[in-house]
Amino acid sequence: MLIESLVRSTLGVKDHRVVKVEGDLGGLVVKLERQRRHKLPCSGCGGRAKVYDRLAERSWRHVPLWGIPMTLVYRPCRVRCPVCRIKVEKLPWAEGKGRLTTPLVIVLATWARLLSLDVVAKLFGVSWPTVGAAVQRAVAYGLAHRGTEGALYIGVDEISRKKGHVYHTQVYDLSRKRLLWSGEGRGQETLERFFAEWGEERTKKITAICCDMWDPYVEVIREKAPGAMLVFDKFHLVRHLLEAVNEVRKEEARELKQKEPQLLKGTKYIWLKNPWNLTPKQRARLGRLERLNLKINRAYLLKEAFQEVWSFVYPLCARRYLQKWFWWATHSRLKPMRDFAWLLRRHEDDILNWFKVPISNGSVEAMNNNAKAISHRSRGFRSEKWFSTIMLHCMGQLPMPEFVHKFA
Ligand SMILES: [Zn+2]
């Protein structure tokens with residue numbers, strides 16, 4: 001009798017009772033029956049109503065006990081609800097047409113935040129589509145119950161999957177460091193889909209959006225969220241700058257290939273790193289190279305000078321500084337640096353918006369790394385929908401369904 005009462009109390013049922021538990025180590029079947037004379041809650045409105053008739057027997061996969069698979073079996077009732085008319089009763093252990101009990105959904109989904117689906121499936125003796133279904137249920141619940149009021153600062157970024165063949169646009173809530181949305185592609189259409197799903201009401205509340213100087217995104221943001229301030233991400237900006245510096249180095253190394261092939265060999269990171277991060281050896285080499293009037297040294301000085309722009313307090317001073325820097329860069333006779341300077345010029349206002357709302361995608365970088373790890377361990381689930389689901393599950397800080405007894 002002990003096992004029956006354990007099942008009943010962990011399920012927290014009041015209108016149902018456990019009739020019997022049968023089976024063996026290969027699997028246990030728990031038969032449930034309704035308490036006679038109890039009115040049952042209606043699945044439409046939750047109000048209690050009289051039983052009208054019974055449906056055919058159904059079974060639900062439940063949390064395994066000591067590694068033994070558990071199945072619940074019950075014939076659901078239909079109730080005659082004064083509001084919704086004939087409706088199926090609302091079952092306390094499962095929702096809708098799902099074939100997993102709510103506790104099993106919670107248990108599988110909880111573990112799927114930490115482990116790959118294959119491992120979770122093995123641990124609980126279920127198939128991986130079952131784990132996938134549990135995750136989908138948990139995410140559907142989480143999306144319906146998450147609070148989005150605080151999502152005022154938003155960061156848009158992209159990540160690649162399938163070894164860089166497919167891009168995903170990720171939309172982050174920068175204040176709470178959580179993922180809000182993920183969709184395949186990195187074009188206009190992708191970001192438009194986000195705004196369509198996010199809806200006008202919530203979009204109006206967005207104060208600022210941080211992203212790379214990527215024209216498709218910029219156009220959509222200006223059109224769909226005209227009230228939000230666009231702030232170009234300073235980390236992306238620095239990345240563009242470093243690419244330009246590296247370009248100068250490569251060109252110069254090519255020119256020097258005949259005369260002095262060793263001169264710039266192995267110096268890539270000497271030019272790209274921040275000076276205070278150099279090793280003593282690198283610092284000494286930089287000191288020697290600096291005396292040689294190299295192109296890469298001019299690019300290096302430009303790079304170092306550019307970083308100063310963030311130290312200004314007033315946007316006006318920063319603007320003046322940027323303009324000086326622009327003149328210097330455009331007269332440097334270094335094409336990559338000139339191109340970068342023109343990129344700045346085109347987006348100057350949005351870059352300087354950082355001084356009004358100092359947001360950046362710095363924290364996004366860590367989240368993107370996390371996303372890559374999740375993507376890696378979710379190999380085999382390559383559809384867009386699945387990828388977005390698992391991303392939201394692991395990084396969306398979504399609330400989980402709750403249950404009377406904590407199975408996990
Ligand atoms: Zn009802």
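Start by selecting Leu302, which lies in helix 10 (residues 295-307); helices here are DSSP runs of H or I with at least four residues, strands are runs of E with at least two, and both are numbered from the N terminus. You're looking at a predicted model, where local features need pLDDT of at least 70, side-chain atom pairs count only at pLDDT 80 or more, and totals for chains, interfaces and linings use all residues. Residues are numbered from 1 along each chain as its sequence is written, and side-chain values use heavy atoms, with hydrogens and water left out.

Is Leu302 buried or exposed? Leu302 counts as buried, because its relative accessibility is 1% (buried means under 20% relative accessible area, exposed over 50%, partly exposed in between, with a 1.4 Å probe and protein chains only). Now show what surrounds Leu302: leaving aside neighbours within four places in sequence, Leu302 is in contact with Trp325, Trp328, Ala329, Ser332, Leu334 and Met337 (contact means heavy atoms within 4.5 Å). Draw a distance to Asp157 as well: the two C-alpha atoms are separated by 27 Å, and the residues are 145 apart along the chain.

Zoom in on strand 9 (residues 153-161) and strand 12 (residues 208-211), which pair in the parallel sense over 3 bridges. Click Tyr153 and you'll find its bridge partner in strand 12, Ala208.

What packs around this sheet? Then pick helix 6 (residues 215-224), whose buried residues are Tyr217, Val218, Val220 and Ile221. Those buried residues pack against strands 9, 10, 12 and 13, plus helix 5 (188-204).

While you're there, color Lys177, in the loop between strand 10 and strand 11. Its phi is near 50°, a positive value in a residue other than glycine. Most residues other than glycine have a negative phi. At 48% relative accessibility, Lys177 counts as partly exposed.

Another one of that kind is Arg37, with a positive phi of about 70° although it is not a glycine. Find Arg37 in the loop between strand 2 (27-34) and strand 3; Arg37 is exposed, at a relative accessible area of 80%.

Step along to strand 3 (residues 40-41) and strand 4 (residues 48-54), antiparallel and joined by 2 bridges. Pro41 has Arg48 in strand 4 as its bridge partner. The two strands form a hairpin with 6 residues between them, and Gly46 in the turn has a positive phi of about 90°. Strand 4 is also joined to strand 7 (residues 77-81), again antiparallel, by 4 bridges, with Lys50 opposite Arg80 in strand 7.

Last stop: show Ala112, Leu115, Ser116, Leu117, Arg377, Ser378 and Ile390, the lining of the largest cavity.

Key:
On a 1 Å grid over the protein atoms alone, a cavity is a set of points where a 1.4 Å probe fits but cannot get out, and a pocket is an open set with protein on both sides within 12 Å along at least five of seven lines; lining residues have an atom within 4 Å of a point. Two strands pair if DSSP finds at least two bridges between them.
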